[in-house]
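Hi,

Here is the structure I said I would pass on.

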Amino acid sequence: MKILITGGTGFIGREVVTRLAQHRLVILTRHPQQAKALLGEEHSFIDNLDRLDNLDGFDAVINLAGEPIADQRWSEARKQLLCDSRWLLTEQLVDLFRLSGQPPRVLINASAVGWYGRQGPEPIDERCQTPHLEFTHQLCQRWEALAMEAQSQHTRVCLLRIGIVLGKEGGALVKMLPAYRLGLGGPMGSGEQMMSWIHRQDLVRAILFLLEHEQCHGVYNGTAPQPVSNRAFSKTLAAILHRPHLLSVPAPLLRLVMGEASDLLLTGQTVVPTRLLEAGFHFDYPHLPEALSSLLARQG
């Protein structure tokens with residue numbers, strides 16, 4: 001297949017590119033030369049979607065682009081950048097779909113469990129229609145609505161609401177490890193907030209699953225089947241690293257340091273991947289201890 005990938009140099013995108021290396025990949029990146037060194041010279045690279053008149057000739061588009069949401073405090077300018085980096089690019093892609101005589105057969109568009117906003121401990125799946133109306137929901141709701149405009153009799157759209165992605169080379173886990181290795185890790189706030197997580201390997205496999213299964217369309221939760229509380233996550237991580245689990249991070253301190261963005265750490269949702277499971281997808285790492293062990297046991 002010929003596949004257009006945005007966000008290909010990111011934590012998730014790099015692994016997607018690796019797994020799809022046998023296909024003809026065109027990768028959108030602001031820095032083509034750096035991306036070529038990182039991902040391989042066998043791929044094609046473009047620095048702007050304006051270089052494409054349409055998407056004729058492409059079989060699929062995988063849209064993973066977007067500024068990292070948890071890296072900085074959420075000033076109004078930062079919020080706008082988080083939105084623009086997702087919304088504007090997705091609008092451009094949809095315009096290219098409309099300009100195509102033979103548009104790609106599938107658009108796989110990233111989203112996030114932030115669509116649901118903060119929720120209680122009860123499990124929720126793709127049928128949930130009661131999101132908490134906060135910034136993360138507004139960000140994802142508009143992002144998904146734009147992507148769905150690419151849907152037609154020629155193109156199916158899959159929206160993947162991604163949880164906390166666990167991997168060795170980026171994401172939340174890498175940020176946690178220094179404190180835990182020093183024996184300073186612990187739950188955040190009450191520790192009761194739920195964490196909907198997924199091993200990066202399973203997330204990439206889910207993307208490929210949606211790419212290959214033509215019956216798949218609509219919303220899918222990109223999370224493992226067994227969410228855990230923040231306290232359980234923290235305790236499991238400390239145990240695998242053979243470190244103590246004695247401290248906690250007070251909610252007021254997190255709010256002081258991170259402002260509104262601390263909601264990402266202090267609130268959560270219990271998201272389960274009902275539609276992926278119903279479609280026949282099998283998780284290699286459905287349980288947290290095995291997922292973390294696969295990533296960290298040899299490093300502890």
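Is Asn230 buried or exposed? Keep in mind that this is a predicted model. Asn230 has a relative accessibility of 3%, so it counts as buried, the cut-off being under 20%. You'll find Asn230 in helix H7, which covers residues 230-240. If you skip its neighbours within four places in sequence, Asn230 is in contact with Pro187, Met188, Gly191, Gln193 and Met195.

Next, the inside. The largest nonpolar core has 37 residues, and those with the most contacts inside it are Ile12, Val16, Leu20, Ile62, Ile207 and Leu210. Helix H6 gives the most to this core, 8 residues. Other elements that each supply at least two residues include helix H1, helix H2 (32-39) and strand E1 (2-6). To see how one of these residues sits, click on Val16: leaving out neighbours within four places in sequence, Val16 is in contact with Ile5, Ile62, Leu64, Val204 and Ile207. Another core, of 21 residues, lies apart from the largest one, and Ala65, Val94, Leu96 and Leu159 are among its members.

Helix H1 (11-19), helix H6 (200-212) and helix H11 (288-296) are the elements that give two or more residues to its lining. Among the lining residues are Glu15, Arg19, Lys168, Glu169, His199, Arg200 and Tyr285. By type, the lining divides into 5 charged, 4 polar and 3 nonpolar residues.

Cheers

Technical notes. Residues numbered from 1 in each chain as written. Predicted model: local features only at pLDDT ≥ 70, side-chain atom pairs only at ≥ 80, totals over all residues. Heavy atoms only, no water. 1 Å grid on protein atoms, 1.4 Å probe; cavity = no way out; pocket = protein on both sides within 12 Å on 5 of 7 lines; lining within 4 Å. Helix = DSSP H or I, 4+ residues; strand = E, 2+ residues; numbered from the N terminus. Nonpolar A, V, L, I, M, F, W, Y, C, P; charged D, E, K, R; others polar. Core = buried A, V, L, I, M, F, W, Y, C linked by side-chain atoms within 4.5 Å. Buried < 20%, exposed > 50% of the residue type's maximum accessible area, 1.4 Å probe, protein only. Contact = heavy atoms within 4.5 Å.
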